[in-house]
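Take a walk through this model one chain at a time. The contacts between chains come last.

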Amino acid sequence: MTHLHLEGLSHVYPGGVRALEGVDLEIHPTERLALVGENGSGKTTLVRHLNGLLRPTSGRVLIDGRDAALLRVAQLSRLIGLAFQNPDHQIFSSTVRREVMFGARNAGLRGGVLEDAVVRSLRLVGLEQVRDDNPYDLGYSRRKLLAIASVLAMDTQVVILDEPTTGQDAPGVAAIERLVGGLSEAGRTVIAVSHDMRFVAETFSRVVVMQAGRIALDGPVETVFAEQSWPALAASRLEPPPAARLGASLGLGSTPTETALLAAIGAGRS
Amino acid sequence: MLVLDTVSYRYAGAAGDAVTKISLDLRDQEVVGLVGANESGKSTVCLVASGLAPRAIGGVLGGRVLIDGADVAGRPIHELVGTVGICFQNPETQLSGVTETVFEEVAFGPANLGIDRDELVRRTGEALETLGIQGLARRDPRRLSGGQMQLVALAGLLALQPRYLVLDEPTAQLDPAGTRLVGEALQALAQRGSAILIAEHKTDLLAGLCGRIAVLQRGELAMLGGAQEVLADDRLEGLGIAAPVQGRLQRRIDALGLAATSIAPEPGR
Amino acid sequence: MNEPGPEGPLEAPRADSPYHRLNPLTKAVSATVTGIAALVLGGVIGPALLTLVAVIIPAAIAGVLRVLVRTTLLLSLPIGISAVLVNVFFFPAGRDVLLRVGPITATGEGLSLALEVLARILAISGAITLFYLTTRPSDFVADLEHRGVSSRLAFVANASAQTVPQMLERAGSIVAAQRARGLDTEGSIVRRLRALPPLVGPVILGTLGEVEERTMALEARGFSRPGRRTLLRIPADSGVQRLTRWLLVGGLSVLAASRILGVPG
């Protein structure tokens, strides 16, 4: 159970780009949290602070009350897994299985535990059939699932996915939705950076909207996608998910997910 | 008319065909959507239709690609660029990498054709204007947002004045603002009567754009028909395709026995 | 799309001045002649005067003196410092002892040789920096193409110069991605060596994949068409500049010849 706390986090890149400005954020264990916002709003910069890849210009990152500044990236990587957006920035092994093993081995897993972790994470993303294939024989979307699997195999308490659904088809998105649900049920914290509002609404419980390095909105999916938040979303150049728009146009209140929409329609009828 | 006549294609070094016996035509002033699960052959069809496969990447082509009835086999790619143009999903790899302003970037393609300088300037300006990005002309193309960069790539394509546009998931790597930007530009192009073949996962985008839609499954043509019928077809989900939200929800509502509830298109959103 | 990463000022400021407006070839010739002349001249005063006349004064006219000084120092300091250390402390024939620290002796001869080396390095890197700060690569390429250099060759030269920042960005992202998977890039040499494949692999594999994408995009824009390209603009040239270039090259030849023939300079 890992508790994450950002305190007055600011980050200025060399060259002067102010990517984060005084961000305060608490993330509780087993939470499913989505970070949304247009490109350049600071989402990726924020998550890279959680595992120490970036260090605060000012403010602090606390992990279970301990200042992350005291831990090296290699140590933090055992607590917090981060799957990058572009799988081709990490894949280097000759087989799918070895690629998945890389992170897990770095995390200190050995022997049967290691094997288990590899098999389990390959199954989670649906790549167990191709475990002996060369990663570069797979298409982009499956390479992306592979990159996610390699982070899952590290068995970290916190899993961060940067744009997991980019380039995925409907079954791929569904697989990631199931995976996030499964991780959360297993007691892990899942954080995703995403542009896909439907995916965000269907999969996550809390949404944090970033705008120009600050948090513009933060709350449960039902609140962030409710009609009264739409102007704020629009100011961050975002649109609510389709189900929320349909629900509002039918006067059914906040229905961010398709299930909620159908339930609201059902309730209105009976 | 651009015709794929029982086209099969095998990538260089691959064991099997990536697409098999695809027959598809793109008529003038028509927008045809191409949908299918990942690795079902959408990108391959785009490469074949644009002439890049096999010319630029090798491999083996079966069947024929015809433009106005003439087989294009044997014609070099630089002769085809004024006829068929292709836009890819990653805006960054489409920049020439050697220009410092958007204007120069858009002019890069037609400049390669060696056309007259005044004509080059005119075409470039026209392409920028068509997509409404004259304001970016003096900007550095490498310092734009993803959506803007993709519009620049599209303008670079338009400046070649191809009769047929092939777009391979042009919004896949863009954020919502970028997707909206490119989506609106595509609407405008469709209204101007451009002939477009567009591969895309976002069926909501296709619904408002296409006359016909082709569905691919493991390299074969699984369905081809009017956009409305295809997007309403029950088999889509089984083929790994998410139908447009509106229709899909309406069907689920109907299935719940709530037939009287209609979720008609929201006005003006 | 990537969010803006740690971006530095990758581009030269786009100022305008009479020096900026010189024909790119004139500036290229000036930089080349300055560099070679500094080598040929030797000593400290020659290269220093040359740097003043051919680099510092033009940079001041172009309004890029501050950036120039900063960039030049950044470029030449690593080599410069090592050159100074090696020469000052390890010049074998040195007699004039300045300082003795344990077994190491600094000599006057070593010091003056070090200054000579430093003067050349500064002149050369200053001349190159001035060229880059005042010339748009695409102008230089357009000018070369206009003079008949193959457009493909010009493209390759230009593209390779401009992809360096992108390569650096990609390398940075790869290091970050592997560290996030627990790769330890700090610590012992063995550990660092073991960290190489995960870092080098994606650079090569990723670059190959991207090259294919880029090639297709270029082909689709008619890049492989034989024959001349249309040039959007041709950098202006003038008779005076043409004459200057010939004079510079001529002067350099005379200087080099006089050195080789042993005429005191």
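What follows goes from chain B to chain A and then to chain C.

This is a predicted model: local features need pLDDT of at least 70, side-chain atom pairs count only at pLDDT 80 or more, and totals for chains, interfaces and linings use all residues. Residues are numbered from 1 along each chain as its sequence is written, and chains are lettered from A and ligands numbered from 1 in the order in which they are written.

Start with chain B. Its secondary structure comes to eleven helices and ten strands. Helices (H or I, at least four residues) and strands (E, at least two) are DSSP runs, numbered from the N terminus. Along the principal axes, the C-alpha atoms of chain B fill a box of roughly 65 × 45 × 30 Å.

How much of chain B is buried? Of its 269 residues, 54% count as buried. A residue is buried if 20 or more other C-beta atoms lie within 10 Å of its own, exposed if 12 or fewer, and partly exposed in between, with C-beta atoms placed from the backbone. Contacts tell of the fold too. Two residues are in contact if their C-beta atoms, placed from the backbone, lie within 7 Å. Among contacts in chain B between residues at least 6 apart in sequence, 66% join residues at least 24 apart.

Now look at the sheet of chain B. Six strands form an open sheet with mixed pairing, in the order E6-E7-E8-E3-E9-E10 (chain B). Strand E6 (84–87) and strand E10 (220–226) of chain B stand at the edges with a single partner strand each, so one side of each has no neighbour in the sheet. The twist averages 15° from one strand to the next. Strands count as paired if DSSP finds at least two bridges between them. Strand E7 (164–168) and strand E8 (195–199) of chain B pair in the parallel sense over five bridges. There, Tyr164(B) has Ala195(B) in E8(B) as its bridge partner. Helix H1 (42–50) of chain B lies across E3, E6, E7, E8 and E9 of chain B, at about 155° to E7(B). Axes are lines fitted to C-alpha atoms, for helices over the stretch in contact, and angles run from 0 to 180 degrees between N-to-C directions.

Move to chain A. Six strands form an open sheet here, in the order E6-E7-E8-E3-E9-E10 (chain A), with mixed pairing. Its edge strands are E6 (80–83) and E10 of chain A, each pairing on one side only. E9 (206–211) and E10 (214–220) of chain A pair in the antiparallel sense over six bridges. Arg206(A) stands opposite Pro220(A), and Gln211(A) stands opposite Arg214(A). The two strands form a hairpin with two residues between them, and Ala212(A) in the turn has a positive phi of about 50°. Helix H6 (170–185) of chain A lies across E3, E7 and E8 of chain A, running at about 150° to E8(A).

One loop residue deserves a look. Glu239(A) sits between helix H9 (230–235) and helix H10 (242–249) of chain A. Is Glu239(A) buried or partly exposed? Glu239(A) is partly exposed, because 17 other C-beta atoms lie within 10 Å. Leaving aside residues up to four places away in sequence, Glu239(A) touches Met197(A), Leu233(A) and Pro176(B).

Chain C is next. Helix H5 (137–146) of chain C is mostly covered, with seven of its ten residues buried. Among them are Phe140(C), Val141(C) and Leu144(C). Gly148(C) follows H5(C) and has a positive phi, near 105°.

Finally, the contacts of chain C. Chain C puts 29 residues in contact with 35 residues of chain B. H8(C) gives the most to this side of chain C, with nine residues. The contact between chain A and chain C takes 31 residues from chain A and 26 residues from chain C.
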